[in-house]
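The structure is shown below.

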Amino acid sequence: DKTAEKYEYFCDRNRKWAFESTRFGCELLCDLNRTNVAPLAECQKLIVATGDTAHEAKGMQIYSEKKHLNGPGGVTWSHEEYGHPGFQKVYL
């Protein structure tokens with residue numbers, strides 16, 4: 001029965017917010033992770049091509065700050081921040 005078993009997973013990088021899923025949901029999440037392999041590899045290529053080793057750290061900083069969330073537009077990140085290769089890698 002695909003609904004009997006429960007699986008715990010986290011969407012946040014610090015594993016603070018736990019969610020539960022069925023076995024079927026777990027299989028879908030695993031498929032999603034496999035689907036992310038190619039985009040993650042492309043992000044890594046972009047980062048390496050810049051020659052800037054600080055891109056990943058800056059991406060983590062952007063991801064953590066969410067400085068636009070409390071602004072008038074109520075958005076989490078700006079278009080410029082979404083375009084940052086280090087952020088894209090963290091976001092994926």
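Beyond its neighbours up to four places away in sequence, tyrosine 63 touches Arg13, Trp77, Phe87, Val90 and Tyr91. The model is predicted, and tyrosine 63 sits in helix 3, which spans residues 55–65.

**Tyrosine 63**
- Tyrosine 63 counts as buried because its relative accessibility is 18%, and the cut-off for buried is under 20%.
- Between the C-alpha atoms of tyrosine 63 and aspartate 52 the distance is 18 Å, and the two residues are 11 residues apart in sequence.

**Glutamate 81**
- Glutamate 81 belongs to helix 4, residues 79–82.
- With a relative accessibility of 9%, glutamate 81 also counts as buried.
- Leaving out residues up to four places away in sequence, the contacts of glutamate 81 are Ile62, Lys67, His68 and Phe87.

**Largest pocket**
- The volume of the largest pocket is about 520 Å³.
- Its lining is made up of 18 residues, and those nearest the centre are Phe10, Cys11, Leu32, Asn33 and Leu92.
- Strand 1 (7–10), helix 1 (23–35) and helix 5 (85–91) are the elements that each give two or more residues to this lining.
- Helix 1 provides the largest share of the lining, with 5 residues.
- By residue class, the lining of the largest pocket has 13 nonpolar, 2 polar and 3 charged residues.

Note on methods: Residues numbered from 1 in each chain as written. Predicted model: local features only at pLDDT ≥ 70, side-chain atom pairs only at ≥ 80, totals over all residues. Heavy atoms only, no water. Helix = DSSP H or I, 4+ residues; strand = E, 2+ residues; numbered from the N terminus. Buried < 20%, exposed > 50% of the residue type's maximum accessible area, 1.4 Å probe, protein only. Contact = heavy atoms within 4.5 Å. 1 Å grid on protein atoms, 1.4 Å probe; cavity = no way out; pocket = protein on both sides within 12 Å on 5 of 7 lines; lining within 4 Å. Points joined across faces, edges and corners; volume = space filled by probe spheres on them. Nonpolar A, V, L, I, M, F, W, Y, C, P; charged D, E, K, R; others polar.
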